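Please look over the sequence and the coordinates below. The text then goes through a few local features in turn.

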Amino acid sequence: MNVTVEDSGKCRKIIRVELPAERVREEMDRVTGEYAQYARIPGFRPGKSPINLVRQRYQKEIVGAVKEQMLPKAYREALEQEKLDVVGVIDVQGGDIVPGQPVSFSLTVDTRPEIILPEYKGIPLTRKPVQITDADIDAALTSIRERYAKFEDATDRAIAPGDLAQIDYSATVDGKKLEDIDPSAKGLGEGTDFWVRVDENAFIPEFATVLPGKSIGDKVDVAVTFPADFTSEPLRGANATFNVAIKGIRQKVLPELDEAFAKRVGEESVESLRKGVGEDLQRHASQSEQTRLRNEIHQFLLGAVNAEMPESMVQSETQQIVRDILQQNLQRGATEDILREHAEEIHQGAAKSAVGNVKLRFILSRIAKEEGIKVGKDDIEAEIKNLSARYSQPVETIRKRIQENNSLDALQTDILVRKTTDRLLEIASISE
């Protein structure tokens, strides 16, 4: 078997393999013999047919079987002979079997990049102190009380930020009602006894700046410019005027921070509530700091290693990042039209991230090999249980999804990345 290898780009090679006619003949004879054991030819019992008749009657099937079995075997031999670590097959050419003739085929493949590791033991890091103050605990307690807040009528004062305002409103653009411009905008163009939260999350954000200071009975015009990516295409960029009448005000009232409230949220006392909140804040802050240190390790490695990445893997990673971005934005309410408008920008950002992601996985894989870090069955089972808890789905559902999506390799890679990063953090040089 003759094998030649030539470079063809970033981590890309073309492997050319030529198998001698003698090897083809031997493989043809072997496969023909297998067919002869079961061949059904009129006038002969199974297994007793003349080999020439078997070869003639089943030539197409025999040639196909030879190609299916011989070429992959020759490919594996070529990889072993040339000591190539292939991460993806891009293209296969040739390989047609002609009895009595040598066979040639070529493969375009992407190979694992050569990673020259930096000194990764003792990566210099600085741990930032994590200190939770009484003010932090007070703010967290206020946030908890916000979840149990009630709104009560406030008839003796003007609107303040954070209030609920009851309004009647109607909107026009150049004197035309919104529904005349876009029939689907009727609910947006007018409303009666509508309660609006007076903050930046109001359905018309300008209300948060115009309504504060206004009282029941007041009327006010609110100028609004619809954004260029507004859901209603006819209203994009349009200047509208909302005629608003104030009819009611409700203020947010937080529950008292007392023993009754502590018991309401599952604690025995205000003191134990403060202690639990403080411990939660400390734990979250410590986890955030740990995440920051892990990211610094990743950035150190990316900056210290100079290597080209396999194009096919970068493309695959780019596509996955783009899919994730599109899904996240659709869930947040972005329209497909808007996403199409920003498609090039999204793809460019994804491609840049993809190179770093692929590079980091190769670096950490190389370090894992040096450190003897492996992913075992227990690691995989633990990760599946974690995913089950995170997504509130049965373990078997998660396991089935992994099998259906053929994502076990990706799961193992994620675990290896995490375990290796944990190891690097253990042996890092961390100053306080």
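Asp-163 has a relative accessibility of 4% and therefore counts as buried, the cut-off being under 20%. The model is a predicted one. In the chain, Asp-163 sits in the loop that runs between strand E6 (150–153) and strand E7 (164–173). Its side chain reaches the backbone nitrogen of Ala-160 at 2.8 Å. Beyond the neighbours within four places in sequence, the contacts of Asp-163 include Phe-151, Arg-157 and Ala-158. Also among them are Val-196, Arg-197 and Val-198, as well as Ile-249, Arg-250, Gln-251 and Lys-252.

Arg-250, one of these contacts of Asp-163, lies over the face of Trp-195, at 4.2 Å from the ring centre.

The aromatic rings come next. A pair of such rings is described by the distance of the centres and the angle of the planes. The structure holds nine aromatic pairs. One of them joins Tyr-35 and Tyr-58 in a tilted arrangement, 5.7 Å centre to centre and with 45° between the planes. This pair links distant parts of the chain, 23 residues apart: Tyr-35 belongs to helix H1 (residues 21–38), and Tyr-58 to the loop between helix H2 (51–57) and helix H3 (59–82). Tyr-35 is partly exposed at 27% relative accessible area, whereas Tyr-58, at 19%, is buried.

Phe-194 and Phe-203 form an edge-to-face pair, with 5.1 Å centre to centre and 65° between the planes.

Conventions
Residues numbered from 1 in each chain as written. Predicted model: local features only at pLDDT ≥ 70, side-chain atom pairs only at ≥ 80, totals over all residues. Heavy atoms only, no water. Helix = DSSP H or I, 4+ residues; strand = E, 2+ residues; numbered from the N terminus. Buried < 20%, exposed > 50% of the residue type's maximum accessible area, 1.4 Å probe, protein only. Polar contact = N/O pair within 3.5 Å; in protein donor to acceptor, adjacent residues only side chain to side chain. Contact = heavy atoms within 4.5 Å. Phe/Tyr/Trp six-rings, centres within 6.5 Å; stacked < 30°, edge-to-face > 60°. Lys NZ or Arg CZ within 6 Å of the ring centre and 35° of its normal.
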